[in-house]
Amino acid sequence: MDLTHTPEEEEFRARLREWLAKMLPSLPAKPSPDDWPGRRAYDLGWQRMLHDAGYAGLHWPVDAGGQGATPTQHLIFLEETEKAGAPYVGANFVGLLHAGPTIAAEGTPEQRARWLPPVLRGEEVWCQGFSEPDAGSDLAALRTRAWRDGDDYVVSGSKIWTSHAEVADWCELLVRTDATAPKHRGISWLAMPMDAPGVTVRPLRTLAGSAEFAEVFLDEVRVPVANRVGAENDGWRVTMVTLSFERGTAFVGEVVACRRVLGELARTARKNGRWDDPALRRRLGTLNAEFRTLWRLTQWNVSESERTGGVPGAGGSVFKLRYSHARQELYDAAAEVLGPDALDQGREWTLDRLSSLSYTIAAGTSQIQHNIVAERILGLPKGR
Ligand SMILES: Cc1cc2nc3c(=O)[nH]c(=O)nc-3n(C[C@H](O)[C@H](O)[C@H](O)COP(=O)(O)OP(=O)(O)OC[C@H]3O[C@@H](n4cnc5c(N)ncnc54)[C@H](O)[C@@H]3O)c2cc1C
């Protein structure tokens, strides 16, 4: 892989930088972490700005409404937006980073036309209804049932840890459509409207105090059969596509953010005297090497996924595994650099630190990523 940039790519970077410098000052103030409707409006507003400027779905295929940009341009976009302190993808996370790409890869032309443009235009928010109380790591154990009634599925069951459920319009929902089939074979992937009768969302408070996710109860919810992506009972295969986007590409922009935080920590340590401690310098240096390596791995994974048809491979698990631990180590190091001053850094900082703990669980725990790396990349035998 060639990691040097062409003059066209540098020109793309320069244009983007100029646009960011012009647009970012016009953004409204960021809403408080607890103001979910405010956060939804803010995140969608930013998405609309990106759309109007031709930066929405930069790396999505053109026939899915995207810009068909090269993987390198996409990475330049992530780098520059993070460096400029542009808003994070936020409430648009599921729609832009994994439900949308799944529909682009697996949906019919009608499904793509219905669901992709509103995601890109910043009009609709998606959430992910995969996990259930007894189906997390063992996702195929899910029990939410769907049975056919005319042109609809009737869905009953419950989901848990559904991020952004409170403000979502659509849910990428996994349901069991054949209770008699082996567990991986009786699942279907549905797009469920969150305002359908029978959907109840009950917010859950996190360790950090915010109601970031929710339990979702489904009581005979009618979902049109036309909302099924992929064939009936072939949902496990579609799910693997969703998860490979989630693990493979969804977190990559955050690596740049972590590098920015690391730079800030080094500057603070120089000012407050902590830099004199060689153990701390070594710790920050190791993290710097780690994030640089992760960025290179990202470049490799993204360009490899383009070569193999746009769906990221199991290499995303290597990234997810290392990134989620490095993020925790970064916020541990931050606590050491800041010492008691950390308490004066405000709620956002505390939320970032506490939420870093969740990264080794969300999108599949580290143990599960280890299993995937062992079985699918190293070819080791299954443990059980
Ligand atoms: C911040 C956050 C946001 C989330 N958002 C969403 C969302 O929007 N939508 C959604 O559907 N889900 C979401 N989740 C749920 C997440 O996907 C699950 O928590 C995760 O898959 C783990 O499942 P579990 O919690 O049921 O743990 P379990 O599966 O019960 O695992 C418990 C422990 O056992 C280990 N373990 C289990 N099986 C094995 C095995 N075979 N080999 C080795 N170790 C094993 C696990 O690694 C873990 O340490 C979110 C979670 C978090 C933390």
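## Helix packing

A crossing counts as left-handed if the near helix is turned anticlockwise from the far one by less than a right angle, and as right-handed if the turn is clockwise. The model examined here is predicted. In it, helix α7 and helix α9 make a left-handed crossing. α7 spans residues 252-272 and α9 spans residues 315-338. Their axes come within 10 Å and cross at roughly 20 degrees. Angles under 35 degrees count as roughly parallel, and α7 and α9 are therefore roughly parallel to each other.

Two packed helices are described by the angle between their axes and the distance between the axes. Take helix α1 (residues 7-23) and helix α3 (residues 71-83) in those terms: the axes come within 10 Å, and the crossing angle is roughly 30 degrees. So α1 is roughly parallel to α3. The crossing of α1 and α3 is right-handed.

## An oblique pair

Helix α4 covers residues 93-106, and helix α6 covers residues 235-248. The axes of α4 and α6 are 8 Å apart. The angle between them is about 135 degrees, which makes α4 oblique to α6. The handedness of this crossing is right-handed.

## Ligand contacts

Which residues come nearest to the ligand? Of the 19 residues around the ligand, they are Gln128, Ser131, Ser137, Trp161 and Thr365.

Trp161 uses its backbone: an N or O atom there lies 3.0 Å from a nitrogen atom of the ligand. Thr365 uses its side chain, where an N or O atom is 2.4 Å from an oxygen atom of the ligand. Asn371 also contributes a polar side-chain atom, 3.1 Å from a ligand nitrogen atom. On its own, the ligand has 980 Å² of accessible area, and the protein covers 69% of that.

## The shell around the ligand

Which elements give two or more residues to the shell around the ligand? They are β3 (152-163) and α11 (366-377).

By class, the shell holds ten polar residues, seven nonpolar residues and two charged residues.

How values were computed
Residues numbered from 1 in each chain as written. Predicted model: local features only at pLDDT ≥ 70, side-chain atom pairs only at ≥ 80, totals over all residues. Heavy atoms only, no water. Near = heavy atom within 4 Å. Polar contact = N/O pair within 3.5 Å; in protein donor to acceptor, adjacent residues only side chain to side chain. Areas by Shrake-Rupley, 256 points an atom, 1.4 Å probe, with all protein chains shown as cover. Helix = DSSP H or I, 4+ residues; strand = E, 2+ residues; numbered from the N terminus. Nonpolar A, V, L, I, M, F, W, Y, C, P; charged D, E, K, R; others polar. Axes fitted to C-alpha atoms, helices over the stretch in contact; angles between N-to-C directions. Parallel < 35°, antiparallel > 145°, perpendicular 65-115°, else oblique.
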